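Visitor: I would like to be walked through this structure. Please show it first, and then I will ask my questions.

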Amino acid sequence: MSKPNIVILGGGYGGMITSKRLEKFLKSGEANITVINKHDYHYLTTQLHKIGAATATDRQIALSIPELINPEKTNFIKAEVDTVDTSKQEVCLVGGERVPYDYLVIALGFEVETFGIPGIKEHAFEIRSFRSSKAIYHHIMKQFNLYKQDQDLSRLTFVVAGGGFTGIEMVGELVDALPKLCKEHGVPFEKVKIVAVEAAPSVIPFFPKQSVEYTTQFFEKHNVELITSRKILECTPEEIRLENGAVIPTRTVVWSCGVKGNTIVKKFSLPIERGKVPVDSYLRVKNMKNIFSIGDNALFMKNEKSALPPTAQVALQQAPVCAKNIVAAIRGEALTQFEYHHKGSVASLGTWAAVGLVGSVRLSGLIGAFMKQVIEARYLFMLGGPALIIRQHLGVSHEPVKITVKQ
Ligand SMILES: Cc1cc2nc3c(=O)[nH]c(=O)nc-3n(C[C@H](O)[C@H](O)[C@H](O)COP(=O)(O)OP(=O)(O)OC[C@H]3O[C@@H](n4cnc5c(N)ncnc54)[C@H](O)[C@@H]3O)c2cc1C
C-alpha cells in the first residue's frame with residue numbers, strides 16, 4: 001500500500017510545529033510529510049516589529065526552513081499556494097504545479113484588516129510578513145535621506161495606528177531604535193515625532209488597568225504623542241486625517257489595527273465563516289475527514305458566540321493536537337479533542353520593558369521584558385530544541401535573507 005501524503009500549507013507557527021510533531025510521532029516510512037511555504041525561511045511573526053525598526057538582525061527573525069526540518073522525514077516546497085482542489089485532493093501552486101494529498105493542514109495565517117479606510121491599503125505599512133516589515137525599515141531610511149535634502153518635518157513623523165498588542169510593540173521598538181538610527185544617519189533626533197493613534201479610549205484595553213497605565217506612562221516618558229478616542233478616516237502619502245478633523249502630516253503610517261484570516265482560503269471551496277475555515281473540536285474542517293486547519297486562518301469556537309483569538313499561543317497549542325490527530329486518523333485510532341489553555345500575554349515595549357499577565361501574575365518593566373525573552377526562547381525550543389536557541393543567540397547563521405523589498 002502506498003504511503004499517505006500529508007501536506008502542510010504554510011510554514012508559520014502552526015505549520016512548522018505540526019511538521020516537527022509529525023516527524024516525531026510518525027514511524028519511519030509511515031507517511032510522507034510535505035511543507036509548502038511562500039519563502040524558504042520561517043519568520044518569527046511575533047517579533048516582526050523588530051525588523052521594521054532594525055532592532056534585530058534578519059537572521060534572528062527569519063530562520064531557514066531547510067535547516068529546521070529533518071530532510072529525511074519532511075519534504076519542503078518553496079511555492080505560493082494558489083488554491084486547493086478538494087475533489088481531486090490536490091494543492092494547486094502558482095505556476096501550475098499540483099501536489100497530491102491524503103491529509104491536508106491549512107495553516108496560512110493572517111492578513112491585515114484595513115476596514116476599507118481610504119488610502120490605508122495603498123499608503124500605510126503593514127507588520128504582516130518579513131518582507132512587509134523590512135519595507136518599514138527601508139522607508140524610514142528613505143525618509144531620513146529625503147529629510148536631509150528638503151528638511152520636511154513630516155518625513156520625521158512616524159505614526160503607529162492602533163494601540164493594541166502589535167501597535168504598542170511597534171511604538172516600543174521605534175522608541176528604542178530611532179535615537180540610534182538618527183545618530184547613525186546624521187538626522188536630528190529632537191525633530192523626530194512618534195505618534196500613536198487609537199480609536200478606543202486607551203491603549204491595550206483588554207489588559208489590566210495597571211498595564212494600561214504603565215504603557216501610557218512609558219509613552220509619556222519617551223515623548224510619544226498618544227491620541228486616543230480618534231479614528232483614522234483617511235491616509236495619503238503625505239498625511240493622515242482623523243475624525244475630529246485633525247490632520248497629521250506624515251510620510252510613515254504603520255497600520256496595526258487588526259487582522260483577519262488569509263483571504264486565500266476563500267478560493268478553496270471549503271466552508272467559510274467570519275472569513276475563516278471553521279473547524280470541529282478535532283481541528284478538522286467541518287464535514288471533512290482529512291482536512292485540518294489551525295492558527296489564524298481557522299475558526300475554532302470556544303463557545304456558541306466567541307472564537308479563539310488569532311494568536312501564536314493558539315496556533316502553537318493546536319499544532320501538536322493536529323499532528324497527533326493526523327497520525328491517529330492514519331492508524332484508524334480515536335482522535336483527541338482540542339482544548340485551549342490561555343497562559344497569558346506579554347507585550348514588549350522595546351528591548352528593556354514589557355507589560356503583561358502570566359497566569360494571575362501581572363508583569364511590567366524589566367521583569368516583563370525578561371518574561372518576553374523566556375516566551376520567545378520557549379518557542380525556539382519547541383521548534384529546534386536547545387541547539388536552535390544557542391544558534392539563534394550566537395547568531396551562527398550569517399547567510400543573508402534573500403528578499404526583494406520595494407525601497
Ligand atoms: C508584530 C506581531 C506581534 C505578535 N505578538 C504575539 C504575541 O506576543 N503572542 C501571541 O500569541 N501572538 C502574537 N502575534 C500573533 C501571531 O504572530 C499569529 O497569531 C501567529 O503567527 C499565527 O500563526 P499561523 O501559523 O496561523 O500563521 P503565520 O505564523 O502567520 O504563518 C503563515 C505562513 O503561511 C505562509 N503563507 C501565507 N500565504 C501563503 C501562500 N499563498 N502560499 C504559501 N505560503 C503562504 C506565510 O508566508 C507564513 O509563513 C503577533 C503578531 C504580530 C504581527
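Visitor: What radius of gyration does the protein chain have, next to that of a compact globule?
Guide: This is a predicted model, in which local features need pLDDT of at least 70 and side-chain atom pairs count only at pLDDT 80 or more, while totals for chains, interfaces and linings use all residues. Residues are numbered from 1 along each chain as its sequence is written. The radius of gyration is taken over C-alpha atoms, and the globule rule is 2.2 Å times the number of residues to the power 0.38. For 407 residues the rule gives a value near 22 Å, so the chain agrees with a compact globule, at 22 Å.

Visitor: How many helices and strands does the protein chain have?
Guide: Both are DSSP runs numbered from the N terminus: helices are H or I with at least four residues, strands are E with at least two. The secondary structure comes to 10 helices and 25 strands.

Visitor: What distance separates the centres of domain 1 and domain 2?
Guide: The bounds come from an automatic or database domain assignment. Domain 1 is made of 5-38 + 79-112 + 260-341, and domain 2 is 120-257. Taken over C-alpha atoms, their centres are separated by 35 Å.

Visitor: Which residues are the closest to the ligand?
Guide: A residue is near a molecule if its C-beta atom, placed from the backbone, lies within 6 Å of it. The ligand is surrounded by 34 residues, and the closest are Gly10, Gly12, Gly14, Gly109 and Gly295.

Visitor: Which elements give two or more residues to the shell around the ligand?
Guide: Domain 1 and domain 2 each supply at least three residues to the shell. The elements that give two or more are α1 (13-25), β2 (32-37), α2 (48-53), α7 (165-185) and α9 (312-331).

Visitor: How many residues of the shell around the ligand are charged?
Guide: Asp, Glu, Lys and Arg count as charged; Ala, Val, Leu, Ile, Met, Phe, Trp, Tyr, Cys and Pro count as nonpolar, and the others, Gly among them, as polar. The shell divides into 13 nonpolar residues, 17 polar and, as charged ones, four.

Visitor: Which are the edge strands of the open sheet of three strands?
Guide: This sheet has the order β6-β7-β8 and antiparallel pairing. The strands that pair on one side only are β6 (81-85) and β8 (98-100).

Visitor: Which residue in β7 is the bridge partner of Asp85?
Guide: β6 and strand β7 (residues 90-93) pair over four bridges, in the antiparallel sense. Val84 stands opposite Val91 in β7. The partner of Asp85 is Glu90.

Visitor: Which residue in the turn between β7 and β8 has a positive phi?
Guide: β7 and β8 are joined by three bridges in the antiparallel sense. They form a hairpin with four residues between them, and the residue with a positive phi, of about 110 degrees, is Gly95.

Methods:
Two strands pair if DSSP finds at least two bridges between them.
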